[in-house]
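Please read this report with the sequence and the model side by side.

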Amino acid sequence: DEDGGGGPGARGAELFVDAGLNANRVTTDLEKGLPITKSSLQIGPHVGLGARRAVSDKGDLGVRVELDEVDGHSLLGVRALDYRHRYTNSFAASLFAGVARYAVATPAYSIYYGFGGQWRDILPKWDLGVDLRHAQNVARDHLLASDPQGVRPETFYKIDTALLYLSRRF
């Protein structure tokens, strides 16, 4: 589809890259009985690489790998299920779910999910996207001597991010 009006091109699939910013806030639960803390709102870079294929007249299914800086640490996400519905030639909405790795003192892992909107073809093959994501109970095992000791062997993080990015389709 060379005019950009439909879904992925004649080959049936398309690759894309994203670049933009994320606004993030992290809630940290170190140990049962200790106060839960929230970071201040932080801004960091966002990059992504993905592929999608049309699965219906208006629906696309894909995968995406994302890298963000969140509260001074890297957050690697894999959108294992990335569904996009094209409402018009210029607007689409998406739902996604996947797994995340948060690189703190030792790695923390969990699921993440979200939704977003995309204004398609703001320039030929360029889209503008806005996504909201939540990573729930990203768990890091207490393995270091400096980790708090208590009844629970893990620290939990809840990570909320809002993304604003440009996406280039190939």
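## Paired strands

Strands β6 and β7 pair in the antiparallel sense over 13 bridges, where a strand is a DSSP run (E, at least two residues; helices are H or I, at least four) numbered from the N terminus, and two strands count as paired if DSSP finds at least two bridges between them. These two strands form a hairpin with three residues between them, and within the pairing V99 stands opposite I111 in β7.

On its other pairing, β6 (residues 91-103) joins β5, again in the antiparallel sense, over 10 bridges. Four residues lie between β5 and β6 in this hairpin, and R86 stands opposite A92 in β6.

## How to read the values

This is a predicted model, in which local features need pLDDT of at least 70 and side-chain atom pairs count only at pLDDT 80 or more, whereas totals for chains, interfaces and linings use all residues. Residues are numbered from 1 along each chain as its sequence is written, and side-chain values use heavy atoms, with hydrogens and water left out.

## A nonpolar surface patch

V47, V65, L67, L76, V78, V99, I111 and Y113 make a nonpolar surface patch of about 640 Å². Patch residues have over 30% relative accessible area and no salt bridge, with nonpolar side chains (Val, Leu, Ile, Met, Phe, Trp, Tyr) joined within 5 Å and like charges within 9 Å; the areas come from the Shrake-Rupley method with a 1.4 Å probe, and for residues only the protein chains shown count as cover.

At least two residues of the patch are supplied by each of β4 (59-70), β5 (73-86) and β7 (107-123). Y113, which lies in strand β7, is partly exposed because its relative accessible area is 38%, between the limits of under 20% for buried and over 50% for exposed.

## Salt bridges

The whole structure holds 15 salt bridges, each defined as a side-chain nitrogen of Lys or Arg within 4 Å of a carboxyl oxygen of Asp or Glu. One of them joins R64 to D18, with the closest N and O atoms 2.8 Å apart; this pair links distant parts of the chain, since R64 is in strand β4 and D18 in strand β1 (residues 13-29), 46 residues apart. R64 is buried at 4% relative accessibility, and D18 is buried with a relative accessible area of 4%.

Another salt bridge connects D60 and R84, whose closest N and O atoms are 2.6 Å apart, and it links strand β4 with strand β5 across 24 residues. D60 is buried at 0%, and R84 is buried at 4%.

Note on methods
Buried means under 20% relative accessible area, exposed over 50%, partly exposed in between (1.4 Å probe, protein chains only).
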